[in-house]
Amino acid sequence: LADQAAQASTIGEVGGWCGRSTRAMADATAGRLWCVDPWTGTQEPMTVQTKKGDILSMHKVIKLKVFTAFVENMAAELVTGRVQVLPTRSMFALHILRLLAPFDFVFLDGDHAYASVAGEIEAFRPLVRPGGVLAGHDYGNDKWPQVSRAVDALVPNRQVLNRIWWTRV
């Protein structure tokens with residue numbers, strides 16, 4: 001991550017969570033990093049039943065402790081503007097990120113469901129400049145088998161190092 005970030009002046013990240021990957025990339029680049037995360041966990045909506053018996057579907061709310069950890073971990077970079085935060089789902093942020101493209105490096109580590117990973121690979125690949133890098137986390141992780149399945153289906157020329165998959169675009 002740091003090696004790729006060191007060569008990039010514009011980085012897009014999907015899935016900042018507590019900021020571990022964001023920190024590695026921000027420390028390595030002299031450029032700007034755009035971090036997208038709703039800080040809610042999975043994108044699956046939750047359902048609740050009202051006293052009247054109505055079923056309501058809603059998205060989960062922000063996990064304040066996790067977002068606070070991210071802000072604390074990235075405080076200096078947030079103040080200087082080297083790290084910009086888009087606190088929303090990846091597909092909503094896509095509309096903004098298209099205006100900022102092309103990116104030298106895009107790192108995907110958001111929702112780990114097959115449909116999410118596959119959708120992000122297809123949606124974010126065009127935002128990477130020719131010769132830039134599209135990468136992601138948790139390849140080969142038994143806890144998240146859908147990540148490997150989506151990457152295998154959509155990124156046949158990938159390379160893998162320490163559960164990070166990557167390819168040149």
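Arg20 is exposed, with a relative accessible area of 75%, where exposed means over 50% relative accessible area, buried under 20% and partly exposed in between, using a 1.4 Å probe and protein chains only. Arg20 is found in helix α2, residues 20–28, and its C-alpha atom is separated by 8.1 Å from that of Asn73, 53 residues away along the chain. The model is predicted, so that local features need pLDDT of at least 70 and side-chain atom pairs count only at pLDDT 80 or more, while totals for chains, interfaces and linings use all residues. Residues are numbered from 1 along each chain as its sequence is written, and side-chain values use heavy atoms, with hydrogens and water left out. Helices (H or I, at least four residues) and strands (E, at least two) are DSSP runs, numbered from the N terminus.

**Helix α2**
- Ser21 also lies in helix α2, but at 15% relative accessibility Ser21 counts as buried.
- Not counting residues up to four places away in sequence, Ser21 touches Leu1, Glu13, Phe107 and Asp109, a contact being heavy atoms within 4.5 Å.

- Trp165, leaving aside residues up to four places away in sequence, touches Leu108, Ile121, Leu134, Ala135, Gly136, His137, Tyr139, Val151, Val155, Gln159 and Val160.

**The buried side of helix α7**
- Val147, Ser148, Ala150 and Val151 are buried in α7, and they are on the same side of the helix because they cover an arc of only 165 degrees around its axis, the arc being that of the directions from the helix axis to the C-beta atoms.
- The buried residues of α7 pack against α6 and β9 (164–168).

**Aromatic rings and a charge**
- The structure holds three aromatic pairs, where rings of Phe, Tyr and Trp (its six-membered ring) pair if their centres lie within 6.5 Å, and planes under 30 degrees apart count as stacked, over 60 as edge-to-face and the rest as tilted.
- Trp39 and Phe67 form an edge-to-face pair, with 4.8 Å from centre to centre and 65 degrees between the planes.
- This pair links distant parts of the chain, since Trp39 is in the loop between β2 and β3 (46–49) and Phe67 is in helix α3 (residues 64–73), 28 residues apart.
- Trp39 is buried, with a relative accessible area of 0%, whereas Phe67 counts as partly exposed at 23% relative accessibility.
- The pair of Phe105 and Phe107 is tilted, because the ring centres are 6.4 Å apart and the planes are at 50 degrees; Phe105 is buried at a relative accessible area of 2%, and Phe107 is buried at 0%.
- Trp39, Phe67 and Phe70 are linked into a cluster by ring pairs.
- The charged end of Arg149 sits over the ring of Tyr114, 4.0 Å from its centre, a description used if NZ of Lys or CZ of Arg is within 6 Å of the ring centre and within 35 degrees of the ring normal.
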